[in-house]
Every structure is written in C-alpha cells, then in structure tokens.
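Biologist: I would like to learn how to read a structure like this one. Can we go through it feature by feature?

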Amino acid sequence: MANLTGVQYVTRRPAWHTRLLRSVEESGLFSTALLVPVLIFFIVWNVIPLLWMLGLSFYNYSLITGNPEKYVAFGNYLDIYNNTNVWNALGRTFQWVFVTVAVETVLGILLGLLFWRSSDLPGRRFALTMIFTPMILAPASTGTYFRLIYEPTFGVINSILSILFGTRIDFLGDRAWAFGAVALVDIWMWTPFMLLITLAALGAVPKAELEAAEVDRLPWYKRFWYVILPYGKFILMLGILLRTIDSFKTMDLIYLMTKGGPGNTTETIAIALWRKAFEGFTMGWSSALAVILLLTAIAFTSIYLYILNLSKQGGK
C-alpha cells in the first residue's frame with residue numbers, strides 16, 4: 001500500500017493466536033470457560049450432597065447397626081415433629097439468635113456512632129484495630145480461651161471474685177449462668193462486625209443532610225432516626241441478615257465451651273443435629289433434621305430479603 005509520497009506501507013495481519021483469542025471472545029466461549037470450574041465445584045460440593053441428604057432423609061439408616069437402609073417415607077419428619085427435645089433445642093436456638101443479634105446490633109450502632117463522631121480522636125485507628133481483633137479469631141481458639149477464663153478453680157474471673165467477694169461461680173457449669181456466659185462471648189466476638197456495618201451505613205449518608213441536621217441542632221437520637229437511618233437502613237438490615245444466618249448455625253463455640261450443657265441448657269439445634277449424626281450415627285433422621293433447618297434458614301432469609309427490598313424501595 002502506497003501513500004502520496006510513494007512510500008510503501010505493509011499491512012500486517014494479526015498473529016494466529018491473536019485472531020484465535022478474538023474469535024473465542026466474540027463467540028462467548030471465553031466467559032463460559034471461566035464459569036465451568038465454578039459450576040463444577042458448586043455441583044460437586046453443594047448440589048450433589050444436598051440431593052443425597054434429601055434422599056437419605058426418607059430412609060431409616062444407621063451406621064451402627066449395619067442394617068441396610070429402609071424406606072420410611074416421611075417417618076423421620078414425623079418423628080422429629082413429635083420429638084420434644086428437638087422443639088426445646090429449636091426454642092433455645094431462637095432465643096440465642098434473638099439475644100446475640102439484638103445486643104450486637106445495639107452495641108455496634110452505638111460504637112459506630114461514637115467512632116464516627118470522633119474522627120479526629122488520637123489513637124482512633126489503633127482502637128478500631130483492637131476492637132476488630134475478636135472478629136478475626138477462630139471460634140475454636142476463642143471458646144478454649146474463654147473456657148479457661150471462666151474456669152471455677154483458677155480462672156481469671158473467679159480469682160477476682162474470690163479476692164473481692166470471697167466467692168466463686170461455675171459460670172459454665174451452673175444452669176443459671178451458662179447460657180448468658182456463652183452468649184457474652186459471642187457478643188464479644190461479633191459486635192465489631194456490626195460496628196463495621198454501622199460505619200459503612202454512616203458513610204452512605206450525604207454530608208449535606210448531616211450538615212443540615214447540625215445546623216438545626218437536632219438531638220443525636222433524632223439525627224439518627226430521621227437522617228442516618230433512612231439512608232443507612234439497607235446496609236444495617238443486610239448486616240443483621242448475615243449475623244442472623246451465622247448465629248442460627250452456631251455450634252463450634254458453644255460445643256467447645258459447654259458441649260450443650262449443663263444438661264441441655266445451651267444445646268442449640270445445631271448441637272442436637274451434630275449429636276444425632278456423629279454420636280448416634282442415625283444418618284436418615286439427621287438428614288431429615290438438616291433439611292428442616294435448611295428450609296427454616298431459607299424462610300428467614302426470604303423474610304429478611306423482603307424487608308430489605310421494602311427498605312430499598314422506600315429509600316428511592
């Protein structure tokens with residue numbers, strides 16, 4: 001190819017691998033190839049075990065007896081429905097969720113407002129770092145750590161009580177104290193999460209609205225209710241949803257601290273399921289209970305998502 005000066009220009013075609021990549025991208029095969037590993041992982045580790053659990057829930061199958069599985073239709077579900085221990089464990093689970101999530105939300109909002117208003121406070125970043133530390137600890141280590149703190153003989157808390165009041169309390173062995181003692185540890189762990197959610201919600205509030213509330217000298221509670229909440233309620237509800245789901249399936253922390261005791265004072269539905277599956281080895285019955293818990297979690301999630309949708313529409 002020549003221009004007006006007579007200089008010859010050679011137009012080079014793209015290399016074969018460049019043309020191949022372009023054709024793959026244009027055909028949509030590239031995006032499909034990226035999704036295939038994720039789909040395989042999801043099917044192998046989620047769909048297949050879920051279908052296996054659903055099918056096993058209709059059978060009477062125990063790993064101890066060695067007998068072949070026996071089809072009982074909805075027999076396991078009826079047995080669970082008539083089992084008072086399951087209902088008691090489910091009631092304690094709802095109590096656990098309500099207490100922990102409610103306290104964590106209130107404390108998280110209060111701490112979030114405190115740190116948000118003290119942006120120029122010296123040491124603020126260090127304080128936030130220390131507050132967020134419990135959230136990143138493993139529940140296994142946290143449960144072991146607080147079990148030693150609550151220990152009635154040489155625990156730190158009982159040593160202080162013995163010096164000040166001359167008494168010792170078996171926090172994890174007394175029915176009157178066990179539930180509250182374990183719930184306090186969960187609150188200590190996950191209040192920083194709600195603090196983080198609160199700070200994110202506060203960041204969504206327009207500065208003009210805050211400045212107007214400052215000029216009008218609104219009290220802090222009115223400022224939160226009429227200015228901050230309308231803009232940040234979507235993020236706050238999302239945080240409450242995540243904490244509710246996580247709190248509903250709490251097992252490791254409680255089991256390491258009390259193993260569901262004393263008696264069944266701290267036995268949640270997750271611990272009851274674990275005992276039936278991995279101590280009693282009644283796999284059919286346990287699968288039926290797991291299906292019920294899954295449907296319960298889906299129902300809670302649907303309710304929260306409906307409320308989130310209403311909050312989002314109300315904010316428009």
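Biologist: What share of the contacts in the protein with a separation of 6 or more comes from residues 24 or more positions apart?

Modeller: This is a predicted model, so every value here is computed from predicted atoms. Residues 24 or more positions apart account for 64% of the contacts in the protein with a separation of 6 or more.

Biologist: Which elements does the protein have, and how many?

Modeller: There are 13 helices and 2 strands.

Biologist: What percentage of the residues count as buried?

Modeller: A residue counts as buried if its relative accessible area is under 20%. Here the protein has 316 residues, and 35% of them count as buried.

Biologist: Which residues of H5 are buried?

Modeller: The general idea comes before the case. An α-helix has 3.6 residues a turn, so residues three or four places apart point the same way. In H5, the buried residues are Leu128, Phe132, Pro134 and Met135. Among the elements that cover the buried residues of H5 are helix H4 (84-117) and helix H8 (175-203).

Biologist: Now single residues. Is Gly155 buried or exposed?

Modeller: With a relative accessible area of 0%, Gly155 is buried. Gly155 sits in the loop between helix H6 (139-149) and helix H7 (156-165). Setting aside neighbours within four places in sequence, Gly155 is in contact with Leu148 and Ile149. Gly155 and Asp170 are 15 residues apart along the chain, and their C-alpha atoms are separated by 9.9 Å.

Biologist: And is Tyr71 buried or exposed?

Modeller: Tyr71 has a relative accessible area of 53%, so it counts as exposed, the cut-off being over 50%. Tyr71 belongs to strand E2 (residues 70-71). Apart from neighbours within four places in sequence, Tyr71 is in contact with Phe58 and Tyr59. The C-alpha atoms of Tyr71 and Asn60 are 6.3 Å apart, while the two residues are 11 residues apart along the chain.

Biologist: How should I read backbone angles?

Modeller: Most residues other than glycine have a negative phi, and most peptide bonds are trans. Ala73 has a phi near 55°, a positive value in a residue other than glycine. Ala73 lies in the loop between E2 and helix H3 (75-81), and is partly exposed, with a relative accessible area of 25%.

Biologist: Where is Lys259 found, and what is its phi?

Modeller: Lys259 is in the loop between H11 and H12. Its phi is positive, about 55°, although Lys259 is not a glycine. At 46% relative accessibility, Lys259 counts as partly exposed.

Biologist: Which peptide bond is cis?

Modeller: The bond from Gly261 to Pro262 is cis, with omega near -5°. Pro262 lies in the loop between helix H11 (252-258) and H12.

Biologist: What is the volume of the second largest pocket, and which helix gives the most to its lining?

Modeller: The volume of the second largest pocket is about 230 Å³. H12 gives the most to its lining, with 5 residues. The second largest pocket is lined by 13 residues, and Leu273, Ala277, Phe278, Met283 and Ser286 lie nearest its centre. Its lining has 11 nonpolar, 2 polar and no charged residues.

Technical notes: Residues numbered from 1 in each chain as written. Predicted model: local features only at pLDDT ≥ 70, side-chain atom pairs only at ≥ 80, totals over all residues. Heavy atoms only, no water. Buried < 20%, exposed > 50% of the residue type's maximum accessible area, 1.4 Å probe, protein only. Helix = DSSP H or I, 4+ residues; strand = E, 2+ residues; numbered from the N terminus. Contact = heavy atoms within 4.5 Å. 1 Å grid on protein atoms, 1.4 Å probe; cavity = no way out; pocket = protein on both sides within 12 Å on 5 of 7 lines; lining within 4 Å. Points joined across faces, edges and corners; volume = space filled by probe spheres on them. Nonpolar A, V, L, I, M, F, W, Y, C, P; charged D, E, K, R; others polar.
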